[in-house]
Each structure stands twice: as structure tokens, then as C-alpha cells.
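This report walks through a few features of one protein structure. Please look over the sequence and the model before reading on.

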Amino acid sequence: MKDIATPTRTKEILQKYGFSFKKSLGQNFLIDPNILHRITETADLTKETGVIEIGPGIGALTEHLARSAGKVIAFEIDQRLLPILADTLSPYPQVKIIHEDVLKADVARIAEEEFADRKDIMVVANLPYYVTTPIIMKLLEDAIPIKGIVVMLQKEVADRLSAQPGSKSYGSLSIAVQYYTKAETAFIVPKTVFMPQPNVDSAVIKLIRREKPPVDVLNESFFFTVTRVSFAQRRKTILNNLTHQLPQGKAGKEQIVQALEQAGIDPSRRGESLSLEEFAALSNALYTAFH
Ligand code: SAM
């Protein structure tokens, strides 16, 4: 049987079921087996790996994952795809489809139940582009025991996830993701491998979870607040953003100046020039001053 992802077989499947794409669900299906092969290779799967897929569509990537991994759990929100997947994936009993919005699902519990006998867990997906950031943050913030994430997303978002200080794409999302993982763009993907073609360029990103964060912070949630407010107005200085955006800011300008000094950060710098280490030192100094 030909791969699901060949243009002819995809068209046959869509026609057979009278399926029409829903733009609102980010439905851009992959129609190039080479790209699927490269995604699966980037994820370093073995028969002992459990894979979580988000949005299997008609099963193009799922089929490749099933061939390399021991077990695949795939979350699909669109009910119309369920009978299609039951048909296209019938040769792969190691695949289980869960009809749920991944953002509402208890992924940690499902992973624990389904993958108790697996050596490691990877998330591999061609993500629906309207929700890439919330999905990635959910996977990182909920205590889901994953080894890593290999996903296709908008190139612009991939750039932000792996950006370093000083670059235009660097922001609080880069810091949050790099706090939890080592992030690298694996490869860039042309629009032509999708049906229908998206409006933006795509990339595959690989995030490998760190055993422990690279910096010590006194309070994680405060650290993320400090990084977020530091980029609130990108043209403004770090001092200006902190005084205007932190709840304690207006009354606490003097303490903010002192905390910046303590962390060795010139108050006239901009958030985009601060490294993860500098943000950690700053947030610890501010936390001590305000709590
Ligand atoms: N994996 C397929 C492929 O590569 O051809 C389809 C990828 S398509 C970009 C995204 C898929 O995610 C669609 O099947 C869509 O219905 C599904 N989806 C969208 N939002 C979702 C959500 N919140 N939870 C689970 N699946 C979702």
C-alpha cells in the first residue's frame, strides 16, 4: 500500500469521504513522504518509545510514527476524521486515537496510563498553527514526563523558540522554552508539501527537555512574570518596563533600581539584551526585595 502522504492517495482518501478542510482547525495536511521521514528521523524513535501525536489528520504522520515507535497516542479534535483514521490506520494496531481537544485533555494522566511500559516518551506532530504556543507551553508546564518534542510549526514561531539575546525574535517565549528545554530548529519546510498550502513558511523544531533548569530561580512564576513584563514594550528600557508593568512597580522604583544594580544590569538596557542568567539574577533580586 502506498503512503497516505502521497498526493494521489491523500486525494483519493479525501474524495472517498467527501472531506473538506476546516481552516479554523489549522488543517494543512502533509503530502510528502520525504518530509515525514525526516521528522520521524529527527525524533530518534525506537520500538521502546511511546509517541504522543497532536492532530493526526488523515494519518499521514501517524503511519510513519507507528512504523518506528512502539506505541502512538494521537489526539484529534475533528470528529469527521475518526472514521477516516479507523480506515487508513487499520494496519497499525499500535495506534490509539483519542477524540479530544489536546488543550483540554489530561495528557499527563493519559501518558502515565498508556506508556507505563515505555522507555521514553516523545511528542511528534504537525501542529495546528492557530494554537502552537499554547500547546507547547501546556506540554512543558504540565508535569508530563516527556523526553522531547519534535514539531512542525510556523517558521516565525520556531525562530522565537530558539532565539538568542539580541535577536529580533528573542522574547519571553524564548526564555520560557529555553528554561525547560534545549531548542534547535531542525530544518525549514517549503509550503509546497502541504495540502492546502499555508500562507506562511514552516519549520521543524526539536526541543529536548532539560533534567533541571539551567538557572536557579527563587520563584518560577515570578521569574516568568519578570521576563514577560520586561518585553511589554520592546523599545522601552528594562527599568521603564519593570516600573510600569510590575504590580509593585510604581511604589517600588527605588527597589527596582537596587535590584538591577545587585544583578549587575544597567537600567538603561532593553529586555531583549538580557540573557537567561541575567533574568534569573534580576528576578531573584526583585523577589527578595518585594516578598
Ligand atoms: N498530522 C496531519 C498531517 O501532518 O497531515 C494533520 C496536521 S494538521 C496541520 C493539524 C491537525 O490538528 C488537524 O487534523 C486538526 O483537525 C487537528 N487539531 C486542531 N486543533 C486541535 C486541538 N485543539 N486538539 C487536537 N487536534 C487538533
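Predicted model: local features only at pLDDT ≥ 70, side-chain atom pairs only at ≥ 80, totals over all residues.

## The largest pocket

Rolling a probe the size of a water molecule over the atoms shows where empty space is left. The largest pocket holds about 350 Å³ of space. Its lining is made up of 29 residues, and those nearest the centre are Ile 54, Gly 55, Glu 76, Asn 126 and Pro 128.

Strand S1 (29-30), strand S2 (49-54) and helix H3 (60-68) each give at least two residues to this lining. Sorted by class, the lining residues are 18 nonpolar, 7 polar and 4 charged.

## The ligand

The ligand has 23 residues around it, and Leu 30, Gly 55, Glu 76, Asn 126 and Tyr 130 come nearest. Gly 55, Glu 76 and Asn 126 are also among the residues nearest the centre of the largest pocket.

Polar atoms of the protein face the ligand at several places. On the side-chain side, a polar atom of Gln 27 is 2.9 Å from an oxygen atom of the ligand. On the backbone side, a polar atom of Val 102 is 3.0 Å from a ligand nitrogen atom, and a polar backbone atom of Pro 56 is 3.5 Å from a ligand nitrogen atom.

## The second largest pocket

The second largest pocket has a volume of about 230 Å³. Its lining includes Phe 21, Lys 23, Gln 27, Tyr 129, Tyr 130 and Pro 196.

Most residues other than glycine have a negative phi, and most peptide bonds are trans. Which peptide bond is cis, with omega near -10°? This is the bond from Met 195 to Pro 196. Pro 196 sits in the loop between strand S8 (194-195) and strand S9 (202-209), and Pro 196 also belongs to the lining of the second largest pocket.

Asp 44 has a positive phi, near 50°, and is not a glycine. Asp 44 lies in the loop between helix H2 (33-42) and S2. Asp 44 counts as partly exposed because its relative accessibility is 48%.

## Helix H9

Helix H9 covers residues 220-230, and its buried residues are Phe 222, Phe 223, Phe 224, Val 226, Thr 227, Val 229 and Ser 230. These buried residues pack against helix H8 (172-180), helix H10 (238-245) and helix H12 (276-290). At the start of H9, a side-chain oxygen of Asn 219 comes within 3.0 Å of the backbone nitrogen of Ser 221.

## Two glutamines

Is Gln 178 buried or exposed? Gln 178, which lies in helix H8, has 12% relative accessibility and so counts as buried. Its side chain reaches the backbone oxygen of Ala 163 at 2.9 Å. Apart from neighbours within four places in sequence, Gln 178 is in contact with several residues, including Leu 161, Ser 162, Arg 210, Pro 214 and Leu 276.

Gln 255 is located in helix H11 (residues 253-262). With a relative accessibility of 31%, Gln 255 counts as partly exposed. Leaving out residues up to four places away in sequence, Gln 255 touches Ala 289 and Phe 290. The C-alpha atoms of Gln 255 and Phe 279 are 16 Å apart, and 24 residues separate the two along the chain.

Terms used:
Residues numbered from 1 in each chain as written. Heavy atoms only, no water. 1 Å grid on protein atoms, 1.4 Å probe; cavity = no way out; pocket = protein on both sides within 12 Å on 5 of 7 lines; lining within 4 Å. Points joined across faces, edges and corners; volume = space filled by probe spheres on them. Helix = DSSP H or I, 4+ residues; strand = E, 2+ residues; numbered from the N terminus. Nonpolar A, V, L, I, M, F, W, Y, C, P; charged D, E, K, R; others polar. Buried < 20%, exposed > 50% of the residue type's maximum accessible area, 1.4 Å probe, protein only. Contact = heavy atoms within 4.5 Å. Polar contact = N/O pair within 3.5 Å; in protein donor to acceptor, adjacent residues only side chain to side chain. Near = heavy atom within 4 Å.
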